[in-house]
Amino acid sequence: MKMSNKVYDILKAIAQIILPGIGTLYFALASIWNLPFGEEVVGTITAIDTFLGALLGVSTATYNKEKESG
C-alpha cells in the first residue's frame, strides 16, 4: 500500500514537531505543577514517535528503491 505525499508530509510533521513538542510540554508542566505520570506519559509519546519514525523510514526507503528502479 502506497502512502500519498500529503499523508507522508502530515505524519512527518507529527513525528518531527508535534509529538516531541507535546512530550516536552507535558514533561515541563508535570514538573512545575506536579501533574501525574510525567515519565510514563513522555515515555509513551516517545515510543509512539519512534514507531512512527520507523514507519516513515521504511516508506522513504521503499519510495527511493522504486524511484531508482522505475
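Predicted model: local features only at pLDDT ≥ 70, side-chain atom pairs only at ≥ 80, totals over all residues.

Q: At what angle do α1 and α2 pack?
A: Helices here are DSSP runs of H or I with at least four residues, numbered from the N terminus. Helix α1 covers residues 5-33 and helix α2 covers residues 38-69, with axes 9 Å apart. Axes are lines fitted to C-alpha atoms over the stretch in contact, and angles run from 0 to 180 degrees between N-to-C directions. The packing angle is about 165°.

Q: Are α1 and α2 roughly parallel or roughly antiparallel to each other?
A: Angles under 35 degrees count as roughly parallel, over 145 as roughly antiparallel, 65 to 115 as roughly perpendicular and the rest as oblique. The angle for α1 and α2 is about 165°. The two helices are therefore roughly antiparallel.

Q: How many nonpolar residues are in the contact of α1 with α2?
A: Contact means heavy atoms within 4.5 Å. Among the residues that meet are Y8, L11 and A15 in α1, and I45, L52 and L56 in α2. By class, this contact has three charged residues, four polar ones and 16 nonpolar.

Q: Which residues does L56 contact, leaving aside its neighbours within four places in sequence?
A: L56 lies in helix α2 and is buried, with a relative accessible area of 7%. Its C-alpha atom is separated by 8.9 Å from that of A15, 41 residues apart along the chain. Apart from the sequence neighbours within four places, L56 is in contact with M3, Y8, L11, K12 and A15.

Q: Is F37 buried or exposed?
A: F37 is in the loop between α1 and α2. Phi of F37 is near 55°, a positive value in a residue other than glycine. Exposed means over 50% relative accessible area. At 60% relative accessibility, F37 counts as exposed.

Key:
Residues numbered from 1 in each chain as written. Heavy atoms only, no water. Nonpolar A, V, L, I, M, F, W, Y, C, P; charged D, E, K, R; others polar. Buried < 20%, exposed > 50% of the residue type's maximum accessible area, 1.4 Å probe, protein only.
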